[in-house]
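Subject: Structure handover

Dear colleague,

Please find the structure below, with its sequence. My notes on what was found in it follow.

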Amino acid sequence: MKKTVKTIILRTAGTNCDKETAYAFQRAGSKVDLIHVNALKKNKRVLEEYHVIAIPGGFTYGDDVASGRILANELRSSLKRQIERFVSQGKLVVGICNGFQVLVKMGLLPNTGGAKSGNIEATLSLNDSGQFYDRWVYLKRDGGSEGKRQVCVWTRNIPEVINIPIAHAEGKFIPRNGKVLDALKKNGQIVFRYSDKKGALTGYPDNPNGSVDNIAGICDPSGRILGMMPHPERHITYLQHPNWRRTDIDDHMGIG
């Protein structure tokens, strides 16, 4: 008997991409529940019922202090042990845009050492332009480096270059130092890089925010925790692409 995957979409004040994310998981065949962080804090054992945690995009708590910072602190103080146990059981976590900022600022990503999370090894800062960007970009799926394949389980069997939207003001990925960046490369933790249509790694505007090494998405050493700034949930059908009538459907990532 086929087991149904259950996904929890975690939301709070300021989350605004929860329904799109829920729809994307439903299209992929998952059962989905949208749960407010306060409800989860009251009944932490609820997590045991799920296989995937998704933290969607938005402006949680108005992005006060810094994007994702308050929710990150809330999860670290109230649910850190439960989330670490969730991951240790082989389950999956994804953070998109604001959710990526949350995962980085609570120390779940990049966690290059693979030990229990907590050390802050990177941040997502203001775009170099100082502007909010809402447009489409190309991403190149990283194939790993130094003879090591990419470990991310989320991106297996997808095209090498995909086209999806971004919508952020604080998307510049900055590792804490060169040692962290080297570890990301060595461990195969870089999942996506901003590129041009052919997959070449170029500067602005293809790299819209000035991210170090064009990094748009990373995973933890296990490959089960994924964080990315662009919004894959906004391009799950080719009809969502702005040029769907003018280009070959195969040029899109949408599923029809």
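Strand E1 (residues 6–11) and strand E2 (residues 31–36) pair in the parallel sense, with six bridges between them. Pairing requires that DSSP finds at least two bridges between two strands. Helices (H or I, at least four residues) and strands (E, at least two) are DSSP runs, numbered from the N terminus. Within this pair, threonine 7 stands opposite valine 32 of E2. Between E1 and E2 the chain passes through helix H1 (residues 18–27), and this β-α-β crossover is right-handed. Right-handed here means that, with the strands pointing away from the viewer, the path from the first strand over the helix to the second runs clockwise.

On provenance: this is a predicted model, in which local features need pLDDT of at least 70 and side-chain atom pairs count only at pLDDT 80 or more, while totals for chains, interfaces and linings use all residues. Residues are numbered from 1 along each chain as its sequence is written, and side-chain values use heavy atoms, with hydrogens and water left out.

Backbone points

One runs from leucine 109 to proline 110, with omega near -5°; proline 110 lies in the loop between helix H5 (98–105) and strand E5 (122–125). The other runs from tyrosine 204 to proline 205, with omega near 10°; proline 205 is in the loop between strand E9 (190–195) and strand E10 (215–219).

Positive phi values also occur at residues other than glycine. Cysteine 97 has phi of about 55° and sits in the loop between strand E4 (92–96) and H5. Cysteine 97 is buried, at 5% relative accessible area. (Buried means under 20% relative accessible area, exposed over 50%, and partly exposed in between, with a 1.4 Å probe and protein chains only.) Asparagine 157 has phi near 70° and lies in the loop between strand E6 (133–141) and strand E7 (161–168). Asparagine 157 is exposed, with a relative accessible area of 81%.

Salt bridges

The structure holds 13 salt bridges, each defined as a side-chain nitrogen of Lys or Arg within 4 Å of a carboxyl oxygen of Asp or Glu. Among them is the pair of arginine 11 and aspartate 18, at 3.3 Å from N to O. Arginine 11 is partly exposed at 30% relative accessible area, whereas aspartate 18 is buried at 10%.

Glutamate 74 forms a salt bridge with lysine 41, and their closest N and O atoms are 2.8 Å apart. This pair links distant parts of the chain, with glutamate 74 in helix H3 (residues 69–78) and lysine 41 in helix H2 (residues 37–42), 33 residues apart. Glutamate 74 is buried at 12% relative accessibility, and lysine 41 is partly exposed at 29%.

Aspartate 128 and lysine 172 meet in a salt bridge as well, at 2.8 Å from N to O. Here too distant parts of the chain are linked: aspartate 128 is in the loop between E5 and E6, lysine 172 is in strand E8 (residues 172–175), and they are 44 residues apart. Aspartate 128 is exposed at 54% relative accessibility, while lysine 172 is buried at 18%. Finally, salt bridges with shared partners join Asp142, Lys185, Arg193 and Asp213 into one network.

Regards
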